[in-house]
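User: Please examine the following model and answer some questions on its interface.

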Amino acid sequence: MENNAEDVENSMEQQQANTAPEPGQQPQEPPATRARSRGGSGAGAADGGGGDGGGGNGTGPEQNGQPPTARPARVVDAEEEEDEEMTLKYGAKHVIMLFVPVTLCMVVVVATIKSVSFYTRNDGQRLIYTPFPEETDTVAQRAVNSILNATIMITVIIVMTLVLVLLYKYRCYKVIQGWLFLSSLLLLFFFSFIYLKEVFKTYNVAMDCITLAIVVWNFGVVGMICIHWKGPLRLQQAYLIMISALMALVFIKYLPEWTAWLILAVISVYDLLAVLCPKGPLRILVETAQERNEPIFPALIYSSTMVWLVNMADTDRPKRNSAEAGSVQQPTQESAVESPAPSSPSQDDGGFTSSWVSQQQHRLGPLQSTEETRREIQQMPSARPPVEDDDEERGVKLGLGDFIFYSMLVGKASATASGDWNTTLACFVAILIGLCLTLLLLAIFRKALPALPISIFFGLVFYFATDNLVRPFMDQLALHQFYI
Amino acid sequence: MTAAVFFGCTFIAFGPAISLFLFTIAREPLRVIFLIAGAFFWLVSLLLASLVWFISVQISNKESTSQQKGLLIFGVVLSVLLQETFRFAYYKLLKKANEGLLALSQEETMPISIQQLAYVSGLGFGFMSGAFSVVNILADSVGPGTVGIHGDSQHYFLSSAFMTMAIILLHMFWGVIFFDGCEKQRWFVVAAVVVSHLVVSCLTFQNPQYVSSLVPTYIIMLSMGIWAFYTAGGSLRNLKLCLTCKDKDFLLANHRPR
């Protein structure tokens, strides 16, 4: 394993963490194999993915965005088989490392939706990105409005992604960092304050301003420190899960129903295109980062082991992504790799899939957090100590965008489905299986793959099928107490 | 109603299954993955059965309750058959995957054996089946209400919980027996599993009379359990050694290096 770990490191540097199972025996192996795309994180993640690659943004071992191209072809044949074997063992472990946080995020979102009615109440407010109302007189009008809303949203996401890519290309790292910093600030203070307020209202808890101010202040500051600088791993993971859940809740509240489903579908398609097409923004981002031989911004990515080794707070590239090439130590960065670009978890947008970005936009409203912000945040000195100490356990990384969209799907299912828990359970299992398949594909193809499409597709299919077909059947069975 | 009933029924229904999960599956990532995949397969089988039932209801006479009940019974039987078909399909998929992995890896043994897969997949089917049967009922039991106020049975929740527990354990036993039957090409074993599943489901048709449905179900569950135990390699001797903590293999296998 030691070897593997090292290998992983090497490989990780450049590429996207793919799950590349190949642990390669040689520590010196060029990252070539690593290319296992981010998606693969699951499988190979272990070795290669370690740290960075890990599930990164969603798709695979995320290496943030570093396409394998940079790597010199290595003698991988011999190792491939071993890798395969290792892949299976490590792959499974990394899949579970992703299952647990995804499950936790979904549980938080579903628990909130079921208990706090604020997030399911229609206050008549909408985000500026979805200006068309859905309370129209005819079904046709509603359909048209939701299509328009989804179009606007996806356009915003695409624009943000492109802006991010441009900013990255022209080395405006400071802008990106500032953006990410501001966006996480808003998220950690403002949105969590609103959340707390609603929870108190629901449970009729009287809380004075001073205590509340102290609590929110501490929560926010510790969160900023953990995310952008250093902090205990578990705390950091917990904060990432919390902010993903908060974002998903905001989306659930402010996106009207048909718009939300359409956006989910469109985002998956966009993710697929952005990651796999040669001219896709995420791909460009990754390639640019590779050319410059620097790690892609470690966007907000959930990492199961050392969190990003983002140390760049200062903008120097070298510090940036740990995973990046060069720095052996930073395996984790990888996930971020790909560009914070919103979508494609696979590409390691560090989870910042486009959808994420778009979300960010929504959420932050005027704050343009998008990619830049993400980047920035990533770049913020994550304070994780260099990975050196972390060899044996290369975790997997998953972009936060993936978390957000998965949770949004499950949350919407539990909020609006009349089948209640059956639908929620079905969507949950479907998303987990989609994630598993994505990681498996990643291990097989060893190149960056988007993490959203399969899971969201399964999730949507199971949502509509369970709500319309299974629910009446199960209701009748429960009525007569028949068991199947 | 409320919390006492909710917690009681939840633990009755899911207690054994969750303990099995925690003690034998939770630590092994591969098993967890195959468990969730098993749950997924069960879900797909349910989806197909519901689709067929839904279509048949749409084209039928919605006013006639006897016809609706007949269609429901048809739906139940179809669902059972589809579940077993998907169990077989899952078996085939696992065999292929096993072979593929074995071919790829240099090692001689697979990281997970077919017997473990049988157990895990059976439990996956059981979890999903139990969850779909009972979770909505449990959610309703948290709130206020009176059970059976219109003259129905007052033991609705309790009987549902017991039935669910039986179904979950039965799925697990069926999984073990089924896979073993497929491995050894003993098709009568497979047929026995299908038939016993049908019998258990049909027993629930008499349901407000819980004695006549629950008791035979538990008898079938116990006999399936014993059959699965012997199929998986257990024997009285093993059992005795295990219970008196003299089973050296077991102790060695579970010895954790310091």
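**Interface of the two chains**

User: How many salt bridges are there between chain A and chain B?

Analyst: A salt bridge requires a side-chain nitrogen of Lys or Arg within 4 Å of a carboxyl oxygen of Asp or Glu. This is a predicted model, in which local features need pLDDT of at least 70, side-chain atom pairs count only at pLDDT 80 or more, and totals for chains, interfaces and linings use all residues. Side-chain values use heavy atoms, without hydrogens and water. Between chain A and chain B the count of salt bridges is 0.

User: Which helix gives the most to the side of chain A that touches chain B?

Analyst: Contact means heavy atoms within 4.5 Å, and 39 residues of chain A are in contact with 51 residues of chain B. Helices are DSSP runs (H or I, at least four residues), numbered from the N terminus. On the side of chain A that touches chain B, H3 (77–115), H14 (421–445) and H15 (452–480) of chain A each supply at least two residues. With 14 residues, the most is given by H15(A).

User: What share of the area buried between chain A and chain B do carbon and sulfur atoms give?

Analyst: Buried area is the accessible area (1.4 Å probe) that two parts lose on being put together, summed over both. Between chain A and chain B this area is about 4,100 Å². In chain A, Gln481(A), Tyr483(A) and Ile484(A) lose the most area to chain B, together 22% of what that side buries. Of the area buried between the two chains, carbon and sulfur atoms give 77%.

How values were computed
Residues numbered from 1 in each chain as written. Chains lettered and ligands numbered in written order.
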